[in-house]
There are 2 protein chains.
Amino acid sequence: MKAEAMSDAAPSSQPRLFTFVGADLGPWAVRTARTLMGDALPPAPCLQVVEGTAVPPSHGAGWALAGITSNERYVERHEKVALVGAQAGLGRAQATRAALIPIRKSAAWWALPQDERRAVFESQSHHIAIGMRYLPAVARRLHHCRDLGPAEPFDFLTWFDYAPEHELAFDELLKALRNSPEWAYVDREVDIRLVREPT
Amino acid sequence: MKAEAMSDAAPSSQPRLFTFVGADLGPWAVRTARTLMGDALPPAPCLQVVEGTAVPPSHGAGWALAGITSNERYVERHEKVALVGAQAGLGRAQATRAALIPIRKSAAWWALPQDERRAVFESQSHHIAIGMRYLPAVARRLHHCRDLGPAEPFDFLTWFDYAPEHELAFDELLKALRNSPEWAYVDREVDIRLVREPT
């Protein structure tokens, strides 16, 4: 078990901290930015994904949200094997659509012990099982914000990319999650859809 | 379940980020600083516990380690109820001894899925059960560092305080944990013991 775990450890050189910058310029054009719960973000026409830290532009439209990739909080071994076998990496040539979905969860969520959070997340809400249905069409990377500091505006930033023909499937995925018991604990959510030129 | 969870949510005004500063001056005097695994910390005669961020002193002895309190990663409801019923808060008048124990875990640990980390932590190592035996004599607060940024020197800082007559019990607690399977995943550990004047 230990040797197996070693083999899928991320190399230490792999970047973990990313900043999403809403700005006047950037490779991704914002198509829509919809606030589903809580406060909106200031409008910005474009988005850049930066490795490491970045500050919002000092003039014009702008915001910057940072998040860090981390260990899995709920995924069990059998689920990890299934996910790793099915998922695709970000940045495929055909993945000219993307979404950034910042969410925050309530104090009630964070006060739950691990077994009850897992039960809401998977036994009741099927978060992992729902996501699996859309692999490999939708690629994703989850960034944690809550433990970056004591006053982060969101708890998670999830970045997705996919080909234009999978946008409806992506909407279906989000609808299923938003209708799940887990989403009763979401108290802020923004859904930003993006497009880039084919490379 | 939701109402119950609400009731034990920490008030949002409670500080989460703390910095431990090794310096020439401070309310805690360093009695010993022992490196059990990995690199040592620079020597410092005293320690201050600061709410929020702090930088090490610009001259003389000094280091600063920051960590943030967070949600439980392994504790289940029955364990949480038992812990909350037994534990004491930090800062009791008789708690004139303290320990700061920074640790880092290996890439192999962080690559394990949640169920396997929980199995090592509790089913195999009895981390929660061992700690329970020393409540309320030993009070503790766990700070997470790993998701503060991509290059933190430790993953966790645990701060303990207790009365002088419980130092031997505290040593027993650490011995049991260090002999457990979980500790095979610890790749850096420093054990700093402190004393303050009675107030």
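**Entry 1: the cores**

I began with the largest nonpolar core, which has 32 residues; Phe20(B), Leu47(B), Ala99(B), Leu100(B) and Leu157(B) touch the most other members. For a nonpolar core I took a set of buried Ala, Val, Leu, Ile, Met, Phe, Trp, Tyr and Cys residues joined through C-beta atoms within 7 Å. Buried means 20 or more other C-beta atoms within 10 Å of a residue's own; exposed means 12 or fewer, partly exposed is in between, and C-beta atoms are placed from the backbone.

Which elements of chain B give two or more residues to this core? I found strand S1 (17–23), strand S4 (63–68), strand S5 (97–105), strand S7 (156–162) and strand S8 (186–195). S5(B) gives the most, with 5 residues. Strands (E, at least two residues) and helices (H or I, at least four) are DSSP runs, numbered from the N terminus.

I then looked up Leu47(B). Leaving out residues up to four places away in sequence, Leu47(B) touches Phe20(B), Val21(B), Gly22(B), Gly26(B), Trp28(B), Val30(B), Leu100(B) and Leu194(B). A contact here puts two C-beta atoms, placed from the backbone, within 7 Å. There is also a second, separate core of 31 residues, and Phe18(A), Leu47(A), Ala95(A) and Tyr134(A) are among them.

**Entry 2: what I am reading**

This is a predicted model, where local features need pLDDT of at least 70, side-chain atom pairs count only at pLDDT 80 or more, and totals for chains, interfaces and linings use all residues. Residues are numbered from 1 along each chain as its sequence is written, while chains are lettered from A and ligands numbered from 1 in the order in which they are written.

I noted the scores: ipTM 0.91 and pTM 0.92. Chain A has a mean pLDDT of 93, and 94% of its residues reach 70 or more. pLDDT is the predictor's confidence in each residue, from 0 to 100. Over residues 1–11 of chain A it stays under 50, and the model has 11 contacts beyond four places in sequence for them. Where pLDDT is low, the predicted coordinates should not be read in detail.

**Entry 3: chain A overall**

I found 6 helices and 8 strands in chain A. Their order along the sequence is α-β-β-β-β-α-β-α-α-α-β-β-α-β. The radius of gyration of chain A is 17 Å, close to the 16 Å from the globule rule for 199 residues, so chain A is as compact as a globular protein of that length. That radius is taken over C-alpha atoms, and the rule is 2.2 Å times the number of residues to the power 0.38. Of the 199 residues of chain A, 28% count as buried.

**Entry 4: strand pairs in chain A**

Strands pair if DSSP finds at least two bridges between them. S1 (residues 17–23) and S3 (residues 46–51) of chain A run antiparallel, joined by 6 bridges. Phe20(A) stands opposite Val49(A) in S3(A). S2 (residues 28–37) of chain A also runs antiparallel to S3(A), with 2 bridges. There, Ala29(A) has Cys46(A) as its bridge partner.

Most residues other than glycine have a negative phi, and most peptide bonds are trans. I looked for exceptions. A cis peptide bond joins Leu135(A) and Pro136(A), with omega about 0°. Pro136(A) is in the loop between helix H5 (127–132) and strand S6 (139–144) of chain A. Chain B has a cis peptide bond between Leu135(B) and Pro136(B).

Where does His126(A) lie? I found His126(A) in the loop between helix H4 (114–124) and H5 of chain A. Its phi is positive, about 55°, although His126(A) is not a glycine. His126(A) is partly exposed, with 17 other C-beta atoms within 10 Å.
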